[in-house]
Every structure is written in structure tokens, then in C-alpha cells.
Amino acid sequence: HLDAAADLEQVLYDVHREIQPLIGQGQLADYIPALSAVDPQQFGLALATTSGEVHGIGDYQLPFSIQSLSKVYAFALALAADGETIWERVGHEASTHPFNSLLQLEHDHGIPRNPFLNAGALVSVDRLMSRHGSAVQPLREFLRAESGNHNIDVEKSVAESERAHCDRNASLAHLMASYGNLDNPVPNVLDNYIEQCALTMSCHDLALAARFLVRGGVRADGTRLLSTDNAKRINATMLVCGMYDQAGAFAFRVGLPAKSGVGGGVLAVVPNRGVLCVWSPGLDRSGNSVAGVAALEAFSLATGWSVF
Ligand code: GLN
């Protein structure tokens, strides 16, 4: 009965009310100064169904900085272009280290543990640049096409802000380059990475644009981006790696493949049903939205929707 739109609207309303006390809790991502200037009291939650209906509550139509949510779409495009050989450059194993850690990268000879760590996302960017000369442009075109919103763009002030504070990501990129795991010049790879993180989108559009993950790799226009198997593999990688060192806790609390970003967004995939996107800027110590994770937990408990 939860497929009925009226019930879904009720669940969204109840979830919003339940997690209200958590909105504004946590910290803003102040290592990118532009992100610490946002109003922490914002919260939005949207569900885009497999067929493309959108249900939402709160600020679900307000654009925010997608940050690491970009890693899901960029990796999907890189996997679509490269096929299986991409797994020679990036793994699909969880990491117990923070998303921007250098520790494991040297131990693993410049092969990032998974595509959702910063190092792994730099690989996706590098692969897309080798194919298209740019990563952010094909990504932006894809996001526009899948969401139907042709205004999606890079927020230049956020990109500038990250560019001025990118020593750690530069270190990751140079370390990978030293192992021969980047083909393009480090400054160009970094620039594309920073710009893709600075794309600005709403929960509404992010959820719509991720529907290929619940459509067995099929895009909004009916063409195929990925094989069913590869779509499954991205979902599996999100489940294991998408919430960084909190992936286990998130699987326990919510039980859905998901990906977070330090702008406060979290994407979660509900197989056969749709994609959830939640946003609230306050982050926990792993860089995951406090109110966002709580809302996904409340939603999954109210609906019984999970992969388990
Ligand atoms: N642009 C951010 C960074 O590189 C993305 C991190 C994130 O969202 N987890 O640090």
C-alpha cells in the first residue's frame, strides 16, 4: 500500500516531523570555506520513483553543493566508457579511513580502495578526461539530461573556495600520478574534480538523475548507460563504501546503498522502487549529514524499504 502517493506524502511528512530536532546539529564542512556559509537549518527529502514521479518535503527543490554525490554519476560514466578495465585502476573494497586519507593509497601502490573515496573519484575524472577531454562537461550534460533541468551548473564561488584549499586532494593526485595511475596532468584532473564537486543541484534533480541505478542501468530516455550487472555493482559498491567509515553503521541503521557528500546531501537507492535524496548541511565526524541519515533511517523503518 506504500506505493500509493498519499501514503508516501504522509510518510515524508512524519519523517520530517520526527527528525526536526536534529536539523542544524553537527558541523558544517569548514575546510571548504564556501560550504560553511550555508544556513544549517535547511532540510529537504525527495523520492523519485522508478517511473519518474517525484515526492518531496521541505527544501527538496533548493539547489545545494553536491560535492561527493558527484562521484556516483562520474563513476557510472567512467564505467560505462571503460568497462571492466576500470577495476584495474580502482578497487571496490570498503575503507576504514576518512574519505581524503592518504594512508591506504601508498600501501596499495596508488590504487584507491573504491571509487567513492576522493582518490577513487580522481580516477573517474582522469578516465573521463582521457575519453572526452573533460570530466565536468559530460557529467553536467548527463545530469541535465537525466533530471530534465538544463540550468544545472557549477557554482563558481564553491569551486574557487575549494581550489584555494585543495592541498590534500593535490597530494592524493600526485601520489597516484607517481604510481602511473593518472594519465592526465594533475592540475587539470584536480580542476575537473573540484568543479564536479561544485555542481549545484536539488534533492529533486539528484534523485531523478540517479534512477539508472534502479532501472538496471537504463537512462531516463530508455537508452542503456550500463549493463544490469554493472548497475548492480555500483549499488553494491555504494552499500559497502558510500558512507565512508560509517558504511557499516549506515547499513545497520538504514540498509540501503547510499552515497554522502560534505554539502550535506545523501543519495539512497531503493531497488525496484526509486531513489531517495536527502539534504541537511550539518555533518557528523565522518562527513555524513546528521539529519539526513536520521531521516533515511526513519523512512526505511516506516516503509520497510531496504535491501535486507
Ligand atoms: N570536494 C570534497 C573534497 O574533496 C568532497 C568530499 C565529500 O563530499 N565527502 O574534500
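**Exercise 1. Describe how helix 6 packs on helix 8.**

Step 1. Helix 6 (residues 156-163) and helix 8 (residues 186-197) pack at an angle of about 135°, with axes 8 Å apart. Helices here are DSSP runs (H or I, at least four residues) and strands are E runs of at least two, numbered from the N terminus. Axes are lines fitted to C-alpha atoms, for helices over the stretch in contact, and angles run from 0 to 180 degrees between N-to-C directions.

Before going on, note the source. This is a predicted model, in which local features need pLDDT of at least 70 and side-chain atom pairs count only at pLDDT 80 or more, while totals for chains, interfaces and linings use all residues. Residues are numbered from 1 along each chain as its sequence is written.

Step 2. Classify the angle. Helix 6 and helix 8 are therefore oblique to each other. The classes are roughly parallel (under 35 degrees), roughly antiparallel (over 145), roughly perpendicular (65 to 115) and oblique (the rest).

Step 3. Assign the hand. Helix 6 passes helix 8 in a right-handed crossing. A crossing is left-handed if the near helix is turned anticlockwise from the far one by less than a right angle, and right-handed if clockwise.

Step 4. List the contact. Helix 6 supplies Ala 159, Glu 162 and Arg 163; helix 8 supplies Ile 194, Glu 195 and Cys 197. Contact requires C-beta atoms, placed from the backbone, within 7 Å.

Step 5. Sort these residues. The contact of helix 6 with helix 8 has 3 nonpolar, no polar and 3 charged residues. Ala, Val, Leu, Ile, Met, Phe, Trp, Tyr, Cys and Pro count as nonpolar, Asp, Glu, Lys and Arg as charged, and the others, Gly among them, as polar.

**Exercise 2. Describe how helix 4 packs on helix 2 and on helix 7.**

Step 1. Helix 2 (residues 70-82) and helix 4 (residues 118-132) pack at about 50°, with their axes 9 Å apart. They are therefore oblique to each other. Helix 2 passes helix 4 in a left-handed crossing.

Step 2. From helix 2, the contact includes Lys 71, Ala 74 and Phe 75; from helix 4, it includes Ala 121, Ser 124 and Val 125. The residues of this contact divide into 8 nonpolar, 1 polar and 4 charged.

Step 3. Turn to helix 7 (residues 167-178). Helix 4 packs with helix 7 at an angle of about 65°, with axes 10 Å apart. This crossing is right-handed.

Step 4. Asn 118, Ala 119 and Leu 122 in helix 4 meet Asn 169, Leu 172, Ala 173 and Met 176 in helix 7. The tally is 5 nonpolar, 2 polar and no charged.

**Exercise 3. Give the strand order of the sheets.**

Step 1. Two strands pair if DSSP finds at least two bridges between them. Its edge strands are strand 2 (54-58) and strand 6 (258-260).

Step 2. Strand 1 (residues 44-49) and strand 8 (residues 274-279) pair over 6 bridges. Gly 44 stands opposite Trp 279 in strand 8.

Step 3. An open sheet of 3 strands has the order 3-5-4, also antiparallel. Strand 4 joins strand 5 (residues 199-201) through 2 bridges. Val 154 stands opposite Leu 199 in strand 5.

**Exercise 4. Characterise the shell around the ligand.**

Step 1. Residues around the ligand include Gln 67, Ser 68, Asn 118, Glu 162, Asn 169 and Cys 197. The criterion is a C-beta atom, placed from the backbone, within 6 Å of the molecule.

Step 2. The shell divides into 3 nonpolar, 7 polar and 1 charged.

Conventions
Two residues are in contact if their C-beta atoms, placed from the backbone, lie within 7 Å.
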